[in-house]
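Tutor: Please examine the sequence and the structure displayed below. We shall then proceed through a series of questions and answers.

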There are 2 protein chains.
Amino acid sequence: MDKLLRIKMGPDGPPGFTEASMGDYAGMGGRGLTSALVAKEVPPDCHGLSAENKLVIAPGMLSGTTAAMSGRLSVGCKSPLTGTIKESNAGGQAAQVLARLGYGAIVLEGRPADDAIYKILIDKDGVKIEPAEELRLLGNYDVVDKMKAAYGEKITCMSIGQAGERKMRAASIAVTDMEVRPTRHCGRGGVGAVMGAKGVKAIVLDDTGCSMRTPKDPDAFKAANKRFVEGLRKHPVTGEGLPAYGTNVLTNVLSEAGGYPTRNFSTGSFEGAGKISGETLAALEVERGGSATHGCHRGCVIRCSGTFYDKNGNFLSKQPEYETVWAHGGNCGIDDLDAIAMLDRMDDDFGLDTIEMGAAIGVAMEAGIASFGDAQAAIDLVRQVGEGTHLGRILGSGAAVTGQVFGVERVPVVKNQALPAYDPRAVQGIGVTYATSTMGADHTAGYAVATNILKVGGDVDPLKPEGQVELSRNLQIATAAVDATGMCLFIAFPVLDQPDTFQALIDMLNAFYGLSLTADDVSELGKTILKTERDFNARAGFTREHDRLPRFFTTEPVAPHNITFNVSDEELDSLYNW
Amino acid sequence: MDKLLRIKMGPDGPPGFTEASMGDYAGMGGRGLTSALVAKEVPPDCHGLSAENKLVIAPGMLSGTTAAMSGRLSVGCKSPLTGTIKESNAGGQAAQVLARLGYGAIVLEGRPADDAIYKILIDKDGVKIEPAEELRLLGNYDVVDKMKAAYGEKITCMSIGQAGERKMRAASIAVTDMEVRPTRHCGRGGVGAVMGAKGVKAIVLDDTGCSMRTPKDPDAFKAANKRFVEGLRKHPVTGEGLPAYGTNVLTNVLSEAGGYPTRNFSTGSFEGAGKISGETLAALEVERGGSATHGCHRGCVIRCSGTFYDKNGNFLSKQPEYETVWAHGGNCGIDDLDAIAMLDRMDDDFGLDTIEMGAAIGVAMEAGIASFGDAQAAIDLVRQVGEGTHLGRILGSGAAVTGQVFGVERVPVVKNQALPAYDPRAVQGIGVTYATSTMGADHTAGYAVATNILKVGGDVDPLKPEGQVELSRNLQIATAAVDATGMCLFIAFPVLDQPDTFQALIDMLNAFYGLSLTADDVSELGKTILKTERDFNARAGFTREHDRLPRFFTTEPVAPHNITFNVSDEELDSLYNW
């Protein structure tokens, strides 16, 4: 990971690339690297789709090593959806492969002068950039099939579907999993539109002939990794709940807690939750010959994913994640797992953020474009996004634009990005994260649900404002650091509860890099990342007034608790005081 | 003008109203009143379409008197387009009639609980609010015809077309002219969508039986008005140019100056300018039996409007204004006056801001939705806005949303509002106004074109940054004050050049109200209004970073001068230092 690959896509001349040392960015990884580079090199007031924006693709600090769970890939840019800095990360194979190929980051710069599209091929022998007309307006599944046919079964692909090519603000970047399926997505913030604007349809990676990255102190690294894995296995969330039922284990939990946003955030419990819960989903998967326990990348020991087969026993999609089941399910009043899995497959194929799509459809349903609960209508709407009809373009622009176009007042977004699957009125800690994150509404940025609902890392009453800012602050700092390591965020559950597991993580970093970091240093890393991101946003025009939930969360009580979000503005404004 | 009429449209119970004295708002008028009330009573973070927003309709301080040119009506609210405070004003009869009916303002509050629509009838006997299902989804021309049939030929109407009912962000509020045609529009900022959200389709005014407002010192008032009118008549702009050719006299002037934004701001001169110029338009109007010199309200002595007849000699629309001829003409590469007049008629009928629509179509043309220069396609696109097709809803949401939906980078908006008909690179003073106005991009907020191009009020080189901030500052202050008086903004030409005409205006105010205002007091009034507006915007989250032109104006030189906008950010930030 000592090479920085810059690929200039135009407009002055054909695409070309340069390789150099990491320079200023040496030692950085993941979100730490993407945010540092974007903050330094991208004009904060540029248009997200402009030649001046850059798309930074970076494995984490521990990616490409034997460390468990280190397969997270960060993608960063100025977001065309939020206007803020953006880091969106995904599992799949790409982080490990890129790291083993020796790249600390790939930076896509510029833009073709025409509307040509390209594929980028990277293996141990180097980099090729080639026209890719044959991939135009293909979905991610077809892109991957064509790339496998051309370059073999051992490749790893990053690609965009029709949505990214059309520069839709809900467009994701797909990353292939262990079965070389485009099921893992850098979903949020329209990063796929930025890749589309740069004229890059696919990046094909092959690490054949490359070896694992080697630690400075292999024995200490191995020992720390062992303790780390033991910690993951003994924690009830990462050792039991997630392997058995996947992330969708949360559906029943949140609906029972009254924090499950239903029918565009109009109530907090969904009467159909049981029909789409993780328990029901896992049973259905097994019944049809799929699997309910499956990893998204080599080295995963949590294995929270799965495979969903259709009624005829054919692979349809990976196990839909909780956020997807919510977005296309309860948020639209839909309780049909087959429909939800089909929507998941379509989103993955078209290259769309499932959260943004479900939220946009929820807003469209509120506008009367379709009825809440109409699964076939939702499938038709997503199909239109893939086809690029005018209605599809509206929805593919995200929930905020959908609300603007149809004149809807109740639009659940912060900084134009859709709120995920936790109602901030019944889970006030996550509301603080939504409001104040540097990324727009994002549950992963500081997952206060853990402590509010799951009672991991302590116990803060979800219905009261007390303690939520401190909770969200600490989680946002910790998350920024985790997002720099390449570690799956789910390690946070045992790390928060088990001091030895946290220490094992630090020991791995120290053994690998020959450092002597302390817990405080990790915290400082997180603070530095947040500060860098917040400074970019300030230069882009964001102020405390943007660190707010939509007003209806403070004026409209939600059932069953009949409460509003009541963390005060002053408290929200104190989040970055540390 | 001592009555404040508040009409509560719901949602708790059926619509009702209260009348009270002006209270805190006594002595205020026009923009001074609308901005004071919105700033005080509307939560800055509310949704523009929410029940919490208020729509304030206010005649100016001199409306309803015998003062020439005093027919300007201000409408204010939080804008659903820009998110800022908004004042949009129009000519027509309503300001005079409302003032004679004794109303200092009408405030529409709340919102119906259902989607019912209403008409509001106001005459000397009082106020009635009645269901208006018979008007649903009618255009403004049909609305006015039905209201005339029901309430007589002497009414004045304010109404919204299909766009306002559908809560489109480009929706205007129509005001009828002397012929009771819905040709004058509070166009900017989506004020029609706010009226639509309040469920008000039409406000029918009848001042039969009311008398002129009487000054404290009738003789002094009459004398001042006489000097004022003499001043208007002797100035070349208000005495010659505007009466002869209307506002469209500017087409040739701006195209020759290289400041005429052509084909979505891609060049500064339009080869078809001569075919759509004011000179050509006036000749065509006269040839077909229309008129090139016509006032929009009683008491107008400039008479810059006209009537446009079609090829068969039938009335089609009022004389299209310069901004309309530009927006639907040069900005879309269209040089066909019949098509432009048809688009003007359609915009007036559907209730749309012609500037926003032309800009949105220009962006759509850049996206390839239609070809630049294709007049029939432009007509079809506006028809779709009226019909509310999905594409029509996109365009009716304005240029910013159109750019977002179609992934266009070059989108000429400030604070989401489309730039009017002067390229800020070749007319740098107006660029300062666009960037810093409290209203989003708005030429009327500080018409630096006067001094940059027309050499009225001095001479500041349009191509250089020097002096532009001071120019724009002084004009923005003066304009805010003029917008409070109810005076047509065109009085600014003689007022800027002729000290005695300015004094005559002050003398009128003093004679009417028994005051002893000085020029400094008028300036203070303007400053107070701007400060009130800017404070609202700050509370809504706007900062200096929003006081910027889109980045392409600073990076992409425009022909023929091949210059970029080069007033520095620091200079822009000094505008409100006075």
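Student: Between which two helices is the place of Lys455(B)?

Tutor: This is a predicted model, in which local features need pLDDT of at least 70, side-chain atom pairs count only at pLDDT 80 or more, and totals for chains, interfaces and linings use all residues. Residues are numbered from 1 along each chain as its sequence is written, while chains are lettered from A and ligands numbered from 1 in the order in which they are written. Helices (DSSP runs of H or I, at least four residues) and strands (runs of E, at least two) are numbered from the N terminus. Lys455(B) is found in a loop of chain B, between helix 18 (449–454) and helix 19 (468–485).

Student: Is Lys455(B) buried or exposed?

Tutor: A residue is buried if 20 or more other C-beta atoms, placed from the backbone, lie within 10 Å of its own, exposed if 12 or fewer, and partly exposed in between. Lys455(B) is not a glycine, yet has a positive phi of about 60°. Because 11 C-beta neighbours lie inside 10 Å, Lys455(B) counts as exposed.

Student: Arg263(A) has a positive phi too; what is its value?

Tutor: Most residues other than glycine have a negative phi, and most peptide bonds are trans. Arg263(A) lies in the loop between helix 8 (250–257) and helix 9 (273–276) of chain A. Its 17 C-beta neighbours inside 10 Å are the reason why Arg263(A) counts as partly exposed. Although Arg263(A) is not a glycine, its phi is positive, at about 45°.

Student: Which residue does a cis peptide bond join to Ala559(A)?

Tutor: The residue in question lies in the loop between helix 23 (552–555) and helix 24 of chain A. In chain B, a cis peptide bond with omega of about 0° joins Ala559(B) and Pro560(B). In chain A, with omega about 0°, the cis bond joins Ala559(A) to Pro560(A).

Student: How far apart are the C-alpha atoms of Ser574(A) and Gly299(A)?

Tutor: Ser574(A) is in the segment after helix 24 (569–573) of chain A. Ser574(A) counts as partly exposed because it has 14 C-beta neighbours inside 10 Å. Along the chain, Ser574(A) and Gly299(A) are 275 residues apart, and their C-alpha atoms are separated by 39 Å.

Student: How many residues does the largest nonpolar core have?

Tutor: A nonpolar core is a set of buried Ala, Val, Leu, Ile, Met, Phe, Trp, Tyr and Cys residues joined through C-beta atoms within 7 Å. Val56(A) and Ala105(A) are among the residues with the most contacts inside the largest core. Not counting residues up to four places away in sequence, Val56(A) touches residues including Leu33(A), Val75(A) and Ala105(A). The number of residues in the largest core is 375.

Student: In strand 10 of chain A, which residue is the bridge partner of Met158(A)?

Tutor: Two strands pair if DSSP finds at least two bridges between them. Strand 9 (residues 156–159) of chain A is joined by 4 bridges to strand 12 (residues 200–205), running antiparallel, and Met158(A) has Ile203(A) as its bridge partner there. Strand 9 of chain A is also joined to strand 10 (residues 173–175) by 2 bridges, again antiparallel. In strand 10, the partner of Met158(A) is Val175(A).

Student: How far apart do the C-alpha centres of domain 1 and domain 2 of chain A lie?

Tutor: Chain A is divided into domain 1 (3–205) and domain 2 (247–423), with bounds that come from an automatic or database domain assignment. Two residues are in contact if their C-beta atoms, placed from the backbone, lie within 7 Å. By this criterion, 36 residues of domain 1 are in contact with 30 residues of domain 2 of chain A. The C-alpha centres of these two domains are separated by 25 Å.

Student: How many residues does chain B contribute to the contact with chain A?

Tutor: Chain A contributes 27 residues to this contact. Helix 15 (390–396) and helix 16 (399–406) of chain A each supply at least two residues of its side. The number of residues from chain B is 27.
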